[in-house]
Amino acid sequence: MSDETSTRPGTGTRNGPGTPAGPRPEPLRFFGTTWVEHDGGYTGRRIGVAVGSLAAAVAACFVLRFAYQGLAIADVGTPVTVMVVVMFAVCSALAFGHTSGAFSKRPDPDRQASLRGLLAIGFVGSLLAYCLRSLTEAPGEKLHREEYEAAKEQYTRRTARRAGNPAKKRRRV
C-alpha cells in the first residue's frame, strides 16, 4: 500500500491534483485494481484467468505425458519411471498447497526462494490452484483487501482531527 502525506482530499502528492490522499490499492496480476470495486470487466477477467490457467495445466499435462512416453521409449526401467511420476505428483501437490496458502497470507521471501525449484517442478499444481481460486475471487484478492482496509482504517485514524484544545484537557487524578 502506498500512503500519501497530504491530508486534504484532492491534493495527492504523487498523482497530481484531483487524486485523493491516502493509501492506494496494490494492483493484482491480470486484474490491476479492478478487484477493489469489482468493476472494469472484473468478472470477465476472472473467467478468463480460470480458463487460461486450466488450459495451461492441461497443456502441461500433455507435455508431461510426452516426457513419460519418452521414458518408456528409452526403456529406462520401472523404478526410474515410477520415481519420475511420483516426483511430479508430490511436487504438484506441494506446489498446489503452497500456492493456495500464498493467497491468504504473505509468504516468507526466504522460504519462497528455497522452494523455487519445487514450485517449478510442480507447476501443474500451481496452475490448478490459480484456476480454482479464480473461480471465487481474484487470486490474492482476500489478502490484498484485508491489507487495503487496514491501511485505510489506519490512515483515517491518523488523519482524524481532534476536537478542542488539548492544552485545556482536564487531567485525570
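Q: Is Ser126 buried or exposed?
A: Ser126 counts as buried, because its relative accessibility is 18% and the cut-off for buried is under 20%. Keep in mind that this is a predicted model.

Q: Where is the place of Ser126?
A: Ser126 sits in helix H6.

Q: What is Ser126 in contact with, leaving aside its neighbours within four places in sequence?
A: Four residues: Ala95, Phe96, Thr99 and Leu119.

Q: OK, zoom out. How many helices and strands are there in the chain?
A: Seven helices and zero strands. Read from the N terminus, the order is α-α-α-α-α-α-α.

Q: And how much of the chain counts as buried?
A: 28% of its 173 residues.

Q: What share of the contacts in the chain with a separation of 6 or more comes from residues 24 or more positions apart?
A: That share is 62%.

Q: Back to H6. Which residues of H6 are buried?
A: Val124, Gly125, Ser126, Ala129, Tyr130, Cys131, Arg133 and Ser134.

Q: What do the buried residues of H6 pack against?
A: Three helices: H2, H3 and H5, which covers 116-121.

Q: What span should the 12 residues of H6 have, at 1.5 Å a residue?
A: They should span 16 Å. The end C-alpha atoms of H6 are 17 Å apart, so the two values agree.

Q: Now the pairs. What describes two packed helices?
A: The angle between their axes, plus the distance between those axes.

Q: So how do the axes of H3 and H6 cross?
A: At roughly 40°, and they come within 7 Å. H3 is residues 78-102 and H6 is residues 123-134. That angle makes H3 oblique to H6. Roughly parallel would need an angle under 35 degrees.

Q: Which hand does the crossing of H3 and H6 have?
A: H3 passes H6 in a right-handed crossing.

Q: Which residues in H3 and H6 meet?
A: From H3, Ser92, Ala95, Phe96, Thr99 and Ser100 take part. They meet Val124, Gly125, Ser126, Leu128, Ala129, Leu132 and Arg133 in H6.

Q: How do the residues of that contact of H3 with H6 divide?
A: Six are nonpolar, five are polar and one is charged.

Q: Next pair. How do the axes of H2 and H3 cross?
A: At roughly 165°, coming within 10 Å. H2 is residues 42-74. The angle makes H2 roughly antiparallel to H3, since that term covers angles over 145 degrees. The crossing of H2 and H3 is right-handed.

Q: Who meets whom in H2 and H3?
A: Leu64, Tyr68 and Leu71 in H2 meet Thr81, Val84, Val85 and Phe88 in H3. By type, this contact of H2 with H3 has six nonpolar residues, one polar and no charged.

Q: Last one: Leu128. Where does it lie?
A: Leu128 is in helix H6.

Q: What is the relative accessible area of Leu128?
A: The value is 33%, so Leu128 is partly exposed. The cut-offs are under 20% for buried and over 50% for exposed.

Q: What is Leu128 in contact with, leaving aside its neighbours within four places in sequence?
A: Leu54, Ala57 and Phe96.

Q: How many residues apart along the chain are Leu128 and Leu54?
A: They are 74 residues apart along the chain, yet their C-alpha atoms are separated by 6.4 Å.

Note on methods
Residues numbered from 1 in each chain as written. Predicted model: local features only at pLDDT ≥ 70, side-chain atom pairs only at ≥ 80, totals over all residues. Heavy atoms only, no water. Axes fitted to C-alpha atoms, helices over the stretch in contact; angles between N-to-C directions. Helix = DSSP H or I, 4+ residues; strand = E, 2+ residues; numbered from the N terminus. Parallel < 35°, antiparallel > 145°, perpendicular 65-115°, else oblique. Left-handed = near helix turned anticlockwise from the far one by under 90°. Contact = heavy atoms within 4.5 Å. Nonpolar A, V, L, I, M, F, W, Y, C, P; charged D, E, K, R; others polar. Expected span 1.5 Å × (residues − 1). Buried < 20%, exposed > 50% of the residue type's maximum accessible area, 1.4 Å probe, protein only.
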